[in-house]
Amino acid sequence: DTGVEAILKYHPDIAFLDVQINGGTGFDVLDRLKGQSPSVIFTTAYDQYALKAFKFSAIDYLLKPIDDLELLDAISLAAK
């Protein structure tokens with residue numbers, strides 16, 4: 001709930017979401033935003049959800065531990 005409220009209140013350009021979060025998933029957050037979501041970069045330890053993330057129009061899908069260069073590349077993609 002807090003993540004959805006923050007995104008709707010502050011309108012960030014980029015949101016970093018994990019697949020598993022307290023009380024649900026990052027996908028649940030995107031469902032609740034109903035198309036009002038910012039560019040999304042998933043940061044997670046679960047590689048099996050990558051295809052689903054891209055179906056939600058994720059800019060990138062970074063596996064933990066996150067590589068600094070991959071993070072910079074993902075932010076560059078989101079900024080385009």
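Reader: Leaving aside its neighbours within four places in sequence, which residues is Leu17 in contact with?

Author: Leu17 is in contact with Gly26, Val29, Leu30, Val40, Ile41, Phe42 and Thr43, where contact means heavy atoms within 4.5 Å. Bear in mind that this is a predicted model, where local features need pLDDT of at least 70, side-chain atom pairs count only at pLDDT 80 or more, and totals for chains, interfaces and linings use all residues. Residues are numbered from 1 along each chain as its sequence is written, and side-chain values use heavy atoms, with hydrogens and water left out.

Reader: And which core residues touch the most other members?

Author: In the largest nonpolar core, with 14 residues, those are Leu17, Val29, Leu30, Leu33, Phe42 and Ala53. Such a core is a set of buried Ala, Val, Leu, Ile, Met, Phe, Trp, Tyr and Cys residues joined through side-chain atoms within 4.5 Å. Buried is under 20% relative accessible area, exposed is over 50% and partly exposed is in between (1.4 Å probe, protein chains only).

Reader: Which element gives the largest share of this core?

Author: Helix 2, with 4 residues. Helix 1 (2-10), strand 1 (14-17), helix 2 (26-33) and strand 4 each supply at least two. Helices (H or I, at least four residues) and strands (E, at least two) are DSSP runs, numbered from the N terminus.

Reader: In what sense do strand 1 and strand 4 pair?

Author: Parallel, over 4 bridges; strands pair if DSSP finds at least two bridges between them. Ala15 stands opposite Val40 in strand 4.

Reader: New topic, rings. How many aromatic pairs are there?

Author: The structure holds 5. Rings of Phe, Tyr and Trp (its six-membered ring) pair if their centres lie within 6.5 Å; planes under 30 degrees apart count as stacked, over 60 as edge-to-face and the rest as tilted. One of the pairs is Phe42 with Tyr61, tilted, at 6.1 Å centre to centre and 35° between the planes. That pair links distant parts of the chain, with Phe42 in strand 4 (residues 39-44) and Tyr61 in strand 5 (residues 60-63), 19 residues apart.

Reader: Why does Phe42 count as buried?

Author: Because its relative accessibility is 0%. Tyr61 counts as buried too, at 10%.

Reader: Which residues do ring pairs link into a cluster?

Author: Phe27, Phe42, Tyr46, Tyr49, Phe56 and Tyr61.
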